[in-house]
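This briefing goes through one structure topic by topic.

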Amino acid sequence: MRKKYYPPRPETIKAKMQKRTLELEKAKEIISFCNEYYGFDVTTDNRKRYIIDARFMTIKMIYDYTGLILKDIGCLFNRKHDTMIHSLNTIESLIEYDKDIREHHQYLKSKLCHIKNEMIL
């Protein structure tokens, strides 16, 4: 016997869309903060190591401080979700082994902690 399908309620869909919009706004705030912190656009298509590290750090901050899925984060950077997975894995190992990256991570975490608190509804 098949389970009966109940479509989601319109108010549930509307609430999810509003939450996603709020999360995208927070992600854009994080990007603009990181742009100011690093002194260049982290979303640029550049393969210099310092720009890549800054982009990876920004992706990690967005992933940690918003509830966005990797596909949405990738859209902010004009990249696919599998690139976001690679970015997160790479920055995790860099934070573990590179002292400068670890210091950047600690500083950004301390400055962005208010965004996570605002997300709790």
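Rings of Phe, Tyr and Trp (its six-membered ring) pair if their centres lie within 6.5 Å, and planes under 30 degrees apart count as stacked, over 60 as edge-to-face and the rest as tilted. By this rule there are four aromatic pairs. The model is predicted, so local features need pLDDT of at least 70 and side-chain atom pairs count only at pLDDT 80 or more, while totals for chains, interfaces and linings use all residues. Residues are numbered from 1 along each chain as its sequence is written, and side-chain values use heavy atoms, with hydrogens and water left out.

**Aromatic residues**

- Tyr37 and Tyr38 make an edge-to-face pair, with 4.9 Å centre to centre and 70 degrees between the planes.
- Tyr37 has 29% relative accessibility and counts as partly exposed; buried means under 20% relative accessible area, exposed over 50%, and partly exposed in between (1.4 Å probe, protein chains only).
- Phe40 and Tyr50 also form an edge-to-face pair, at 5.4 Å centre to centre and 85 degrees between the planes.
- This pair links distant parts of the chain: Phe40 is in the loop between helix H1 (10–38) and helix H2 (49–65), and Tyr50 is in helix H2, ten residues apart.
- Phe40 is partly exposed, with a relative accessible area of 22%.
- One aromatic cluster is formed by Tyr37, Tyr38, Phe40, Tyr50 and Tyr107.

- The chain has five helices and zero strands; helices (H or I, at least four residues) and strands (E, at least two) are DSSP runs, numbered from the N terminus.
- Along the sequence, the pattern is α-α-α-α-α.
- H1 has 29 residues and spans 42 Å from its first C-alpha to its last, close to the 42 Å expected at 1.5 Å a residue; the expected span is 1.5 Å times one less than the number of residues.
- The buried residues of H1 are Glu23, Leu24, Lys26, Ala27, Ile30, Ile31, Cys34 and Tyr38.
- Lys48 lies in the loop between H1 and H2 and is partly exposed, with a relative accessible area of 45%.
- Lys48 and Thr58 are ten residues apart in sequence and 15 Å apart in space, C-alpha to C-alpha.

**Salt bridges**

- A salt bridge is a side-chain nitrogen of Lys or Arg within 4 Å of a carboxyl oxygen of Asp or Glu, and by this rule the count is five.
- Asp45 and Arg79 meet through their side chains in a salt bridge of 3.1 Å, N to O.
- Asp45 is in the loop between H1 and H2 and Arg79 in the loop between helix H3 (70–76) and helix H4 (81–97), so the pair ties together parts 34 residues apart in sequence.
- Asp45 is exposed, with a relative accessible area of 63%, whereas Arg79 is partly exposed at 22%.
- Arg49 and Asp53 form a salt bridge whose closest N and O atoms are 2.9 Å apart.
- Arg49 and Asp53 are separated by about one helical turn, because they are four residues apart in helix H2.
- Arg49 is partly exposed, with a relative accessible area of 48%, but Asp53 is buried at 14%.
- Glu92 forms a salt bridge with Lys60, the closest N and O atoms being 2.5 Å apart.
- That pair links distant parts of the chain, with Glu92 in helix H4 and Lys60 in helix H2, 32 residues apart.
- Glu92 counts as partly exposed at 38% relative accessibility, and Lys60 is buried, with a relative accessible area of 7%.

**Cysteines**

- The structure holds zero disulfides, a disulfide being a pair of cysteine sulfur atoms within 2.5 Å.
- The sulfur of Cys75 is too far for a bond, because the closest cysteine sulfur, in Cys34, is 19 Å away.
- Cys75 is exposed, with a relative accessible area of 52%.
- Cys113 is in no disulfide, and its nearest cysteine sulfur, that of Cys34, is 14 Å away.
- Cys113 counts as partly exposed, at 39% relative accessibility.

**The chain as a whole**

- The C-alpha trace spans about 55 × 30 × 25 Å along its principal axes.
- Of the 121 residues in the chain, 35% are buried.
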